[in-house]
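Let's take a walk through this fold, from a gap in its packing to its core and its ring pairs. Have the structure open as you read.

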Amino acid sequence: MKLHTYYRSSASYRVRIAMNLKGLHATEAYVHLSRNGGEQFGPAFDALNPQHLLPVLEDDGLVLTQSLAIVEYLDETHPGIALLPADARGRARVRALSQAIACDIHPINNLRVLKYLGGELGVTDEQKNAWYRHWVALGFGALERQLAHDGGAGLFCHGDTPTMADCCLVPQLYNARRFGCDLAPYPTLVAIGERCEALAAFEKARPEAQPDAD
């Protein structure tokens with residue numbers, strides 16, 4: 001397998017965690033999202049993924065995009081350590097938690113959106129950071145309520161072992177800290193994040209631990 005990744009890409013971070021949890025290894029190809037106008041727009045990567053987004057996983061001729069699709073593919077093809085529950089209700093809950101982050105918080109705060117805000121729309125850094133924090137607060141507020149009161153929660157987002165939802169939560173917490181978001185209102189999310197970060201699989205996936213980290 002070959003994983004096209006960037007150390008600060010939240011979506012790549014999710015897949016790195018998932019692969020570590022499952023004990024999988026992939027050759028890594030580094031795509032710098034800011035250098036030289038963004039290496040994701042070069043002809044080689046454009047041919048691989050016309051969306052110009054990371055991560056991309058190549059596996060025996062198959063090219064997969066979108067982090068959650070990649071995680072589910074890995075879970076189905078390497079079932080030893082499951083990242084989705086065995087029961088339909090549990091799988092639906094984990095997918096919903098994952099998508100609340102990967103579909104509703106992250107896409108409107110990712111690099112290309114922030115660049116557009118500061119470039120074409122000309123917003124100030126202060127306004128851009130306010131935008132970022134607003135959507136984090138809205139999304140994390142809902143997740144906090146759900147995880148604090150939902151009987152399906154355990155030590156992690158779902159039960160007592162990490163799932164795909166934890167693979168999504170930890171990178172989003174990491175980014176929230178990087179942008180100075182106040183996490184005090186989300187003690188359940190922070191506590192789950194701390195349990196995750198104590199595990200080697202999460203620690204090895206941290207942006208600072210990646211060979212391409214600036």
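Predicted model: local features only at pLDDT ≥ 70, side-chain atom pairs only at ≥ 80, totals over all residues.

A cavity here is a set of points, on a 1 Å grid over the protein atoms alone, where a 1.4 Å probe fits but cannot get out. The largest cavity has a volume of about 30 Å³, counted as the space filled by probe spheres set on the points. Its lining (residues with an atom within 4 Å of a point) is made up of Leu97, Ile101, Leu143, Leu147, Cys157, Leu169 and Leu189. By class, that is seven nonpolar residues, with no polar and no charged ones; Leu, Ile and Cys are among the types that count as nonpolar. Helix H4 (88-102) and H6 each bring at least two residues to this lining. Helices are DSSP runs of H or I with at least four residues, numbered from the N terminus.

Now for the core. A nonpolar core joins buried Ala, Val, Leu, Ile, Met, Phe, Trp, Tyr and Cys residues through side-chain atoms within 4.5 Å, with buried meaning under 20% relative accessible area (1.4 Å probe, protein chains only). The largest one has 51 residues, of which Ile17, Phe140 and Leu189 touch the most other members. H7 gives this core its largest share, nine residues.

On to the rings. The structure has five aromatic pairs, meaning rings of Phe, Tyr or Trp (its six-membered ring) with centres within 6.5 Å. Tyr132 and Phe179 have ring centres 3.9 Å apart and planes at 10 degrees, so they are stacked (under 30 degrees). Tyr132 sits in helix H6 (residues 125-149) and Phe179 in the loop between helix H7 (164-178) and helix H8 (187-197), 47 residues apart. Both are buried.

Phe140 and Tyr186 have centres 5.6 Å apart and planes at 75 degrees, so this pair is edge-to-face (over 60 degrees). Phe140 belongs to helix H6 and Tyr186 to the loop between H7 and H8, 46 residues apart. Phe140 and Tyr186 are buried too.

Key:
Residues numbered from 1 in each chain as written. Heavy atoms only, no water. Buried < 20%, exposed > 50% of the residue type's maximum accessible area, 1.4 Å probe, protein only. 1 Å grid on protein atoms, 1.4 Å probe; cavity = no way out; pocket = protein on both sides within 12 Å on 5 of 7 lines; lining within 4 Å.
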